[in-house]
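Look at the structure first, then read on.

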Amino acid sequence: MFTAVLSVLFLLSDPPAYYDVAFEELTIDEHVGIGYGLAVGDVDGDGKPDILLADKKQFVWYRNGDWKRFVMVENLTEHDNVCIAARDIDGDGLVEVAVGAQWNPSETTDATVSGSVHYLVRPEDPTQLWTPIALHHEPTVHRMRWAKAGEGAYQLIVVPLHGRGNVNGKGKGAKVLAYEMVDNNPEARWRYRVVDESMHRTHNLDVFEDEEGETVYISGDEGTKAFTYRRGAWRSRAADWLVRDQPMSEARHGHIRSRGVKVIAGIEPLHGQMVTLYKPRLGDSLFVPTLVERMVLEKNMAEGHGLVVGDFLGLGRDQVVAGWRAPNAYGVVGIKMYIPFNPYWEAWDMYWVDIDGMACEDLVAADLDGDGKLDLIAAGRSTHNLKIYWNRCGD
């Protein structure tokens, strides 16, 4: 029986192939404090995506081309900065920027000394200091993203690490909030509402756009949950638990485009050592949680903390890239890419992007040079660096 199953899988699979994986690294900053969070977008209006970074005590951006570093805000709060969100939400071609600071994860009750949310008002010259406007917040604010909330509208989704008063993830649910600017005036009082309080310790979120709109994915101790904006609010259904009862630090959405199939990649458990992939069972095209197969792509990370999914190689099916920030069992930090041999993810290959040169705290992908291929950007914690990995695959 076992031999028969192997024979069937062999017939369904393409033979292992050699993939021309090549990334040319460029270090643009060797003096990063911690490099908590990254974002990409056009800051200065030249039509090219710039890099934004939430560092330990400064929020900064790097100009595409010469990669000169500019400070937006520094020493915003007593404790460290922790996250940043950047997106053009008003259609003028320039990103709007929100940030989270006062990173004090052990204090889950007192909002005056734990967590902050600020909107940064752009100066006429974006290379000068920006003006922060304080918004309502919950303790232990940890991650944020802009997401579409209906036609032409955007909201800032903010996720705290813990619920109020939580100890070791036990207690009240983490209060996920959605903020909306009123009358395009950042200095006016922002509207906000609670999106969800069902998860007790979260870690990260992702925003994925497809032909049906945008979906927000939130990952944490209880798995990964999806929210869509409908009937005037962000809503979830029981079926929106994409992965349940499986702790995950990160979750990213991807596609097998040739089959119209969605997949979810994850890092498990929280700050874990595994890279996983969840896919529909063979023959299914819909991502239904009860019909999902879990595959383990990696078991040898340490404090996995960066994850992206995208088609870097132009295969018509996405690849997974993951990084970690602590030395693993072999004593190295790094970033790896996982490539499926065929559209069914029956088997895959692994390639190094960076061996022991990046203690990855955050990782994002964007086409920085306009060649139509996704590049990688990573910020290092103990390595104190910021690198671009130019996509030279197939060159």
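Glu24 is partly exposed, with a relative accessible area of 42%. In this predicted model, its side chain meets that of Arg392 in a salt bridge, at 2.9 Å from N to O. Arg392 is also partly exposed, at 26% relative accessibility. Glu24 sits in strand β1 (residues 23-29) and Arg392 in the segment after β29 (386-391), so the pair ties together parts that are 368 residues apart in sequence.

How many salt bridges does the structure hold? There are 21. The table lists three of them.

| Glu180 | Arg191 | 3.9 Å |

Take Glu180 and Arg191, which form a salt bridge. Glu180 lies in strand β12 (residues 176-180) and Arg191 in strand β13 (residues 191-196), so this pair links parts 11 residues apart in sequence. Glu180 is partly exposed at 21%. Arg191 is partly exposed at 49%.

Strand β20 (residues 261-268) holds Glu268 and strand β22 (residues 292-298) holds Arg294, so parts 26 residues apart in sequence are tied together. Glu268 is buried at 0% relative accessibility, whereas Arg294 is partly exposed at 38%. Salt bridges with shared partners also join Glu303, Arg325, Glu361 and Arg381 into one network.

Pro126 lies between β8 (116-121) and β9 (131-135). Is Pro126 buried or exposed? Pro126 is buried, because its relative accessible area is 12%, under the 20% cut-off. Beyond its neighbours within four places in sequence, Pro126 contacts Val43, Asp44 and Trp61.

Conventions:
Residues are numbered from 1 along each chain as its sequence is written. This is a predicted model: local features need pLDDT of at least 70, side-chain atom pairs count only at pLDDT 80 or more; totals for chains, interfaces and linings use all residues. Side-chain values use heavy atoms; hydrogens and water are left out. Helices (H or I, at least four residues) and strands (E, at least two) are DSSP runs, numbered from the N terminus. Buried means under 20% relative accessible area, exposed over 50%, partly exposed in between (1.4 Å probe, protein chains only). Contact means heavy atoms within 4.5 Å. A salt bridge is a side-chain nitrogen of Lys or Arg within 4 Å of a carboxyl oxygen of Asp or Glu.
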